[in-house]
Amino acid sequence: AKPDYSLMYVRSQLVGHDGKNYKDDYTEGDGTTSYITDIDGRTLYTFINDAKDTNNFTKPDFSNDAVWPVAEIDLDKIPSILDDTDFGSIDVYGKTQITYKGWPLYYFGQDADRGDNKGISFPAPGIWPIANVDSP
């Protein structure tokens with residue numbers, strides 16, 4: 001990996017908060033999935049109840065930010081598989097949240113280690129999908 005990248009595109013097994021393995025369609029099973037992480041290997045997620053360039057999750061007092069923190073990333077260089085025109089940002093109560101294809105991006109607060117992607121099953125599979133080139 002290049003040390004000056006702001007994001008990475010990784011391929012790994014999805015392992016949910018429930019300890020089960022998931023495929024890229026969020027059904028149980030084994031298989032590698034490609035997805036976007038920050039340069040530190042923290043998985044980036046979208047939220048199915050958000051709208052284009054609209055964060056419908058974060059509360060004004062950030063009381064739920066510990067569970068699903070907004071991703072605040074200064075983009076510089078990104079891997080060539082990603083198109084920099086797909087990225088943007090929105091203001092969320094004074095924080096600048098990065099977006100991908102209009103989807104606000106989040107971290108999962110319980111992803112403690114590099115490469116964790118536990119958020120894909122919390123609270124249920126498909127509510128917080130990973131972000132990748134196949135994201136609509």
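In S5, Gln-97 is the bridge partner of Ile-90. Strands here are DSSP runs (E, at least two residues), numbered from the N terminus. A quick note: this is a predicted model, where local features need pLDDT of at least 70, side-chain atom pairs count only at pLDDT 80 or more, and totals for chains, interfaces and linings use all residues. Residues are numbered from 1 along each chain as its sequence is written, and side-chain values use heavy atoms, leaving out hydrogens and water.

**Exercise 1.** Work out how S5 pairs with S4 and with S6.

*Solution.* 
- Start with S4 (residues 87-92) and S5 (residues 95-100): they run antiparallel, joined by six bridges. Pairing takes at least two DSSP bridges.
- Look at the turn: two residues sit between S4 and S5 in this hairpin, and Tyr-93 there has a positive phi of about 50°.
- Move on to S6 (residues 103-104), which pairs with S5 in the antiparallel sense over two bridges.
- Tyr-100 has Trp-103 as its bridge partner in S6.

**Exercise 2.** Is Asp-24 buried or exposed?

*Solution.* 
- Find Asp-24 in the loop between S2 (21-22) and S3 (32-38).
- Check its relative accessible area: 52%, so Asp-24 is exposed (buried is under 20%, exposed over 50%, partly exposed in between; 1.4 Å probe, protein chains only).
- List what Asp-24 touches beyond four places in sequence: Leu-14 and Thr-33. Contact means heavy atoms within 4.5 Å.

Definitions and conventions. Helices (H or I, at least four residues) and strands (E, at least two) are DSSP runs, numbered from the N terminus.
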